[in-house]
Amino acid sequence: MLEIVAQAVINGLLIGGIYALVSIGVTLIFGVVKIVNFAQGEFVMIGMYISFFLFTQLGIDPIISLFVVMPILFVAGVLIQHFLIRRVLGLNDMPQIFLTFALSLLILNLSLMLFTANYRTVHTWYSDEAFHIGGLYIPYAKLIAFVLAMVLSGLLWVFLHTTDLGKAMRAAAQKPEVAMLMGINPNRVFCVALGIALALAGAAGSLLMPFYPAYPMVGQVFVLMAFVAVVLGTLGNVVGALVASLMMGIAESLGIQFVGADSGLIVVFLMLLLTLAVRPSGLAGGRAR
Amino acid sequence: MKQSQRRTKSKRQSRREFLTRSIGGAVAAGAFSAFPLRGFAADPVNIGGLYPVTGSMAQIGVGIVAAAKLAVEMVNEAGGIKSLGGAKMNLIISDIQSDTTVTRTETDRLISSNKLSAIHGCFASAFTLIASEVAERAKMPLLTGSSSDQLNKGRTYTFTPFARASQFAKAQLQMSKLVDDKPKVAVIFENTAFGTSTSNGLKELAPGEGVEIVMFEPYSAGFTDAGPLINKVKASGANALFSVSYLNDLILIVRTVKQVGLNIAINGGSGGFVIPDFYKNVGKLAEGLQGVAHWNHDMDANAQKVNTEYRKRTGEFLFEYAGGLVAQTFMIADALERAGSAGPQKVRDALATLDVSSGYASMAPGGRVKFGPDGKNVYGYPVGVQWQNGDLASVFPKADARAPLLKT
């Protein structure tokens with residue numbers, strides 16, 4: 001029994017790391033730029049396809065392709081902020097919602113056209129192997145993904161708390177008007193925030209590739225969990241999103257194990273509702289960091 | 001989808017423009033229509049085919065159309081329909097775009113704008129059910145490899161030469177006994193109409209087959225992680241796993257079983273599990289996985305011959321649905337031959353009395369095709385297959401086994 005619980009927690013924690021990379025991106029964009037990026041899942045998908053093609057065409061391991069995917073998506077994020085999102089900021093919410101929603105639909109349908117709806121998988125030496133300790137197992141690919149997800153989250157935390165640009169970003173997130181008075185160029189900060197968020201989504205894609213099939217709709221699977229994590233962990237709070245993602249992964253896994261395999265999400269949403277009932281602005285309270 | 005419609009429309013318009021402008025418009029129109037210019041040859045016999053050549057099922061649809069064309073060439077090379085003066089068979093393919101609404105309009109359009117003798121289609125049962133309704137109303141015979149039992153209810157123009165969905169479940173249960181004398185089966189299925197109906201069929205038949213179901217669990221399709229589910233399968237102590245899943249979930253399930261190191265025989269059923277694409281996606285892990293099919297390319301010498309030719313053309317082995325379609329084309333040819341007429345009503349009547357046990361038309365498990373009053377092949381049954389060396393080998397029942405079952 002203890003073994004079953006332990007295995008369920010391990011499974012949940014590992015997949016929670018992937019949820020974290022996606023949700024941190026969403027919460028960062030919301031916290032700094034104050035828009036909801038509905039297309040975040042599609043950037044995970046783009047990351048997966050870049051990794052897939054680098055692997056099949058050039059034989060580059062998906063984990064190594066992280067170093068290609070993240071810069072590409074960083075640049076994409078900067079361009080999207082500069083040429084698209086900047087134009088609709090300050091208007092009412094509707095154009096902002098429609099902009100990222102349209103972006104999501106556009107990317108989704110373009111990839112359906114370009115890549116077809118087929119599933120693409122890669123097989124690396126560690127894809128289907130696992131550590132076995134006692135009666136427990138830890139798949140290599142998921143462990144690597146989890147560790148790197150935590151490393152990237154840690155780097156982001158260090159960036160936000162030690163560098164000038166990171167501090168400027170937090171300042172812009174807390175009080176944009178005051179930040180501007182202090183001489184912070186909001187568009188520059190916003191561009192970097194978008195860049196980082198998309199790079200994280202891309203990283204999630206690369207890390208998923210060794211153990212999850214790529215297909216155009218794949219982003220939708222992960223973005224739902226990311227949105228829940230963002231709300232659960234207090235909108236705009238990076239650490240909150242990270243903690244919430246891991247909690248959700250575990251809740252989902254335990255739900256499947258002890259309630260039913262079609263009830264994983266029910267447990268997750270129950271957790272969300274209960275949390276919001278007690279703490280209406282999420283786990284971290286009203287603070288956006 | 002709309003875009004492609006628009007594109008065909010503009011193509012059609014430009015073609016019309018070309019015709020009216022060119023002096024030889026009348027001659028060209030003759031060439032495009034069904035009537036050949038050479039008066040001495042017999043009129044060709046038109047056969048319609050309805051398949052998803054674009055959309056989500058495009059890849060499989062294209063593979064099926066390749067087989068349909070190959071089959072028609074084979075009929076024509078063998079001298080066409082002799083009782084119609086050596087008339088050549090002419091295949092008219094209609095793209096149903098992997099869409100139910102399009103299926104209805106395309107079936108209607110195909111039948112009303114061509115002089116057809118029979119049609120075949122549409123791969124997925126959801127589409128075939130619609131096409132069959134339209135064909136029944138138009139009194140047009142339809143042959144199909146789709147397995148839904150619904151296709152045999154209240155229909156007189158629909159013919160199903162291969163095993164039915166209800167037979168698949170039974171075969172799957174019997175196969176589990178190859179793995180262990182006392183099979184303990186875990187059934188996991190996605191919580192959709194497809195998953196629920198298939199798994200309920202398995203549950204109902206299990207006691208009669210002497211198979212114990214130790215786990216019966218629906219899951220939400222499109223999960224992010226199969227770990228927790230496989231954790232449960234492991235705890236159930238099952239020695240066989242039936243997974244009623246679409247491809248993306250199945251890939252995760254197969255990989256996770258490997259990671260856990262669980263020694264369990266997996267049976268993935270039919271459909272997406274028995275096509276070349278499955279092996280491409282799952283790779284070596286697919287080795288030893290079992291499934292059920294209504295047709296397999298190693299059944300007899302004829303099937304192997306067609307498979308060789310198909311492989312030469314497409315690079316893939318002749319999969320279940322495509323192979324069955326070659327047999328269907330020869331069944332239509334046989335009916336035309338005996339009817340001595342290209343009229344759809346005559347062809348239907350000839351199909352109703354079809355009874356073949358040799359030649360390409362009899363390429364089916366058991367090697368015999370004869371339709372009952374419900375349009376079902378009275379001799380039809382499925383074969384159990386297993387992935388061996390990147391290919392599908394028939395392993396069940398004993399009479400049809402072409403390779404021994406690989407114990408995993």
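**Exercise 1. Find how far apart the C-alpha centres of domain 1 and domain 2 of chain B lie.**

Solution. Work in this predicted model. Start with the bounds. Domain 1 of chain B takes in 44-163 + 301-370. Domain 2 of chain B takes in 166-293 + 383-400. Now take the C-alpha centres of the two domains. They lie 30 Å apart.

**Exercise 2. Describe the contact between the two domains of chain B.**

Solution. Use the cut-off for contact: C-beta atoms within 7 Å. On one side, ten residues of domain 1 of chain B take part. They touch eleven residues of domain 2 of chain B. Next, sort the residues on the domain 1 side. Five are nonpolar, two are polar and three are charged.

**Exercise 3. Give the order of helices and strands in chain A, then judge how compact chain A is.**

Solution. Count the elements: chain A has eleven helices and two strands. Then read along the sequence. The pattern is α-α-α-α-β-β-α-α-α-α-α-α-α. Now turn to the radius of gyration, which is 19 Å for chain A. The globule rule gives 19 Å for 289 residues, so chain A is as compact as a globular protein of that length. For the extent, follow the principal axes: the C-alpha trace of chain A spans about 60 × 50 × 35 Å.

**Exercise 4. State what share of chain A is buried, and what share of its contacts join residues at least 24 apart.**

Solution. Take burial to begin. A residue counts as buried if 20 or more other C-beta atoms lie within 10 Å of its own. In chain A, 52% of the 289 residues are buried. Then take the contacts between residues at least 6 apart in sequence. In chain A, 77% of these join residues at least 24 apart.

Technical notes. Residues are numbered from 1 along each chain as its sequence is written. Chains are lettered from A and ligands numbered from 1 in the order in which they are written. This is a predicted model: local features need pLDDT of at least 70, side-chain atom pairs count only at pLDDT 80 or more; totals for chains, interfaces and linings use all residues. Helices (H or I, at least four residues) and strands (E, at least two) are DSSP runs, numbered from the N terminus. The radius of gyration is taken over C-alpha atoms; the globule rule is 2.2 Å times the number of residues to the power 0.38. A residue is buried if 20 or more other C-beta atoms lie within 10 Å of its own, exposed if 12 or fewer, and partly exposed in between; C-beta atoms are placed from the backbone. Domain bounds come from an automatic or database domain assignment. Ala, Val, Leu, Ile, Met, Phe, Trp, Tyr, Cys and Pro count as nonpolar, Asp, Glu, Lys and Arg as charged, and the others, Gly among them, as polar.
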